[in-house]
Amino acid sequence: MLEPVIDPQRIADHNESLESRLARGVEHLATELDADGHTSADQVIDAMVEFSVAAPSWAVGTGGTRFGRFPVGGEPRTTEEKVDDVAALHALTGSNSSISLHVPWDDVQPPDDPAGLRRHADQRGIRFDAMNSNTFQDNPSTTDGGRLTYKFGSLANTDPAVRQAAVDHNKYVIDLGMALGSEALTVWLADGINHPGQADHRDQFERVAAGLRQIHDHLPANWQMYTEHKPYEPAFYATVNQDWGSSLLLAEAAGEKASCLVDLGHHLPNANIEQIVSRLAMVGRLGGFHFNDSKYGDDDLTSGSIKPFQLFLIFGELIRAGDGRLPALAYMIDQSHNIKDPLEDLIQSTDAICVAYAQALVVDRTALAAAQLDNDATGAQQVLQNAFRTDVRPLVAEARRRVGAAIDPLGAYRAVDYRQAMIERRGSSTVATGL
Ligand code: PSV
Ligand code: MN
């Protein structure tokens with residue numbers, strides 16, 4: 001039996017001094033919500049208890065830019081240690097019960113064994129969320145020891161041998177995911193054009209669509225596949241899957257198990273992401289999310305740290321799409337933590353995501369619908385503002401307390417000094433694979 005990554009007693013001890021204040025906060029809010037009469041405190045708490053957002057394996061290590069990387073120390077050396085970090089996160093937040101792997105960063109070919117990794121994750125209480133296939137950099141095991149290159153694209157490449165290598169890699173990732181108990185594949189492609197005229201837009205698109213179809217046809221019956229768009233980077237003139245329209249066309253071309261994944265950082269400035277969410281949900285092709293926040297581009301900043309109102313409106317559209325409940329999509333955080341301790345950033349992000357979700361749950365949807373029917377713009381806005389300005393944090397914290405997680409996860413993380421313990425165990429100069 002494995003030792004728990006964080007002793008539950010230490011979390012309980014940390015909670016003790018916060019419990020009476022929390023109880024007062026919950027009681028006050030419950031009274032207010034009862035007076036409003038549309039959503040009860042228990043409804044929100046129950047939804048929070050159920051909710052989970054996956055942590056990406058590449059985000060438990062320090063991120064970097066092309067200018068530098070400043071490792072935090074104690075970073076996971078193996079995929080098993082990444083699972084351990086996610087288990088620590090989940091012990092504190094109660095809302096991160098799965099990990100999303102990225103291959104080849106997390107390859108578990110022999111001599112490592114997927115069954116062993118799955119056993120390890122089971123013992124830690126962590127499941128495997130969507131698998132991510134990486135054909136945006138050369139990878140000797142899929143590009144014939146370096147003979148083939150993804151420099152000019154993977155599925156969009158003019159060379160059929162490169163396209164086949166990319167398809168085979170995706171099939172391999174699906175097979176690996178099956179061994180781990182995952183049920184989804186996310187395909188984000190870097191394929192595109194860096195210079196006008198370099199390649200034909202239509203030919204590239206058709207080659208990608210054909211490749212995705214082949215990958216789709218390898219999916220087991222219970223699997224889903226997500227196409228993830230992004231307007232630019234690393235292709236700086238035109239990316240093949242550049243926006244939600246292309247993503248939808250590609251998902252439709254791939255097959256019925258394919259739908260679109262919305263990464264919040266993958267939009268041109270000022271795009272109305274909540275409207276995109278509504279459109280994709282409307283046609284039944286909204287598959288998943290990558291949460292992060294953005295000031296200028298794909299900045300991968302802490303969720304909810306720049307545009308919390310946008311995050312709230314997105315959850316509003318999700319709840320609208322799920323007829324009052326959050327639809328069962330693939331929810332994942334996708335961030336790069338360049339100067340923060342990665343686990344601290346994941347704790348803050350998870351909390352911000354839960355808060356936005358809880359705020360969206362306390363929207364008086366009947367009043368909103370009535371105001372919309374009456375063309376009462378002021379009234380409709382007031383309904384949204386009332387919910388957005390409700391301090392729902394006690395309900396989010398109460399949900400954590402009820403599942404044995406931390407009332408104050410960041411405070412508890414610092415109190416148990418998890419980072420220092422990992423530095424002692426793993427060393428101060430370990431560098432996790434990933435971004
Ligand atoms: C690309 O920017 C992305 O959002 C994709 O989801 C990748 O899988 C991930 O980040 C890591 O590069
Ligand atoms: Mn992403």
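I started at D263 and listed its contacts. Leaving aside neighbours within four places in sequence, D263 is in contact with E228, K230, H290 and D334. I note that this is a predicted model.

Is D263 buried or exposed? D263 has 22 other C-beta atoms within 10 Å. The cut-off for buried is 20 or more, so D263 counts as buried. I placed D263 in strand 12, which spans residues 258-263.

V72 lies 191 residues from D263 along the chain. Their C-alpha atoms are 26 Å apart.

Next I looked up ligand 1. How many residues surround ligand 1? I found eleven. The closest are N132, W188, E228, D263 and D334. By type, the shell around ligand 1 holds five charged residues, three polar ones and three nonpolar ones.

Then I turned to the sheet. Which strands form it, and in what order? I read the order as 5-7-8-10-12-13-14. The sheet is open, has seven strands, and its pairing is parallel. Strand 5 (102-103) and strand 14 (330-333) stand at the edges. Each has a single partner strand, so one side of each is left without a neighbour in the sheet.

I went through strand 10 with care. Strand 10 covers residues 224-228. Four of its five residues are buried, so the rest of the structure largely encloses strand 10.

I checked both partners of strand 10. Strand 8 (residues 184-188) runs parallel to strand 10, and five bridges join the two. A184 has Q224 as its bridge partner in strand 10. V187 has T227 as its bridge partner there. Strand 12 also runs parallel to strand 10, with four bridges between them. Across that pairing, E228 stands opposite L261 of strand 12.

Last, I looked at two helices. What does helix 6 lie across? Helix 6 (residues 160-180) lies across strand 5, strand 7 (131-133) and strand 8. I noted an angle of about 165° between helix 6 and strand 7. Helix 7 (residues 201-216) lies across strand 8, strand 10 and strand 12. Helix 7 runs at about 155° to strand 10.

Key
Residues are numbered from 1 along each chain as its sequence is written. Chains are lettered from A and ligands numbered from 1 in the order in which they are written. This is a predicted model: local features need pLDDT of at least 70, side-chain atom pairs count only at pLDDT 80 or more; totals for chains, interfaces and linings use all residues. A residue is near a molecule or strand if its C-beta atom, placed from the backbone, lies within 6 Å of it. Ala, Val, Leu, Ile, Met, Phe, Trp, Tyr, Cys and Pro count as nonpolar, Asp, Glu, Lys and Arg as charged, and the others, Gly among them, as polar. A residue is buried if 20 or more other C-beta atoms lie within 10 Å of its own, exposed if 12 or fewer, and partly exposed in between; C-beta atoms are placed from the backbone. Two strands pair if DSSP finds at least two bridges between them. Two residues are in contact if their C-beta atoms, placed from the backbone, lie within 7 Å. Axes are lines fitted to C-alpha atoms, for helices over the stretch in contact, and angles run from 0 to 180 degrees between N-to-C directions.
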